[in-house]
Amino acid sequence: MRRRFGVSIPEDLASELDDVSRECGVDRSTVVASALGNYLASIKHYKKRHNCLGVCLAITKGELGLNLEEFKDVIVSYQHSHTDNMCVNIFLLKGDSEKILKLYYKLEKNCLRTVLVPLH
Ligand SMILES: [Zn+2]
């Protein structure tokens, strides 16, 4: 069973959604359902408090704009690289899943794109 509802997304994201739908030969609802499923699974994983291991990728046009010292207990390693006129920030994270999720939300606010992947 499917539920229909209206959402509003930025024009550039809508264009990308159209492109991916066309390239994959599926409708937009299929792409949105898949992306949302992955996002919710990731968030659910981090909401159940546990000792976690994960990787976070954050794309910026410059500084992260937050104090990483606050998260030093969960940041195992941090790499900041430059390519194609953007900054690629890669975090290896280990520790309290709630703290990792808190870092993710802060990164998501400040970065162009943020991806959090559990490794277990
Ligand atoms: Zn975990």
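## About the model

This is a predicted model: local features need pLDDT of at least 70, side-chain atom pairs count only at pLDDT 80 or more, and totals for chains, interfaces and linings use all residues. Residues are numbered from 1 along each chain as its sequence is written.

## Two domains

Let's start with the whole chain, which is divided into domain 1 (10-47) and domain 2 (50-120); such bounds come from an automatic or database domain assignment. The C-alpha centres of the two domains lie 22 Å apart. Four residues from domain 1 and six residues from domain 2 take part in the contact, where two residues count as in contact if their C-beta atoms, placed from the backbone, lie within 7 Å.

## Strands side by side

Helices (H or I, at least four residues) and strands (E, at least two) are DSSP runs, numbered from the N terminus. Two strands pair if DSSP finds at least two bridges between them.

## The turn of the hairpin

Strand 2 and strand 3 form a hairpin with two residues between the strands. Look for Asp84 in the loop between them: its phi is near 50°, a positive value in a residue other than glycine. Asn85 lies in the loop between strand 2 and strand 3 as well, and has a positive phi of about 60° although it is not a glycine.

Are these residues buried or exposed? Asp84 is exposed because it has 6 other C-beta atoms within 10 Å, and Asn85 is exposed with 6 other C-beta atoms within 10 Å. A residue is buried if 20 or more other C-beta atoms lie within 10 Å of its own, exposed if 12 or fewer, and partly exposed in between, with C-beta atoms placed from the backbone.

## The nonpolar core

A nonpolar core is a set of buried Ala, Val, Leu, Ile, Met, Phe, Trp, Tyr and Cys residues joined through C-beta atoms within 7 Å. The largest one has 14 residues, and those touching the most other members are Cys56, Leu93, Ile100, Leu103, Tyr104 and Leu107. Strand 1 (51-60), strand 3 (86-96) and helix 3 (97-110) each give two or more residues to this core. Helix 3 gives the most, with five residues.

Leaving aside neighbours within four places in sequence, Tyr104 is in contact with Cys56, Thr114 and Leu116.
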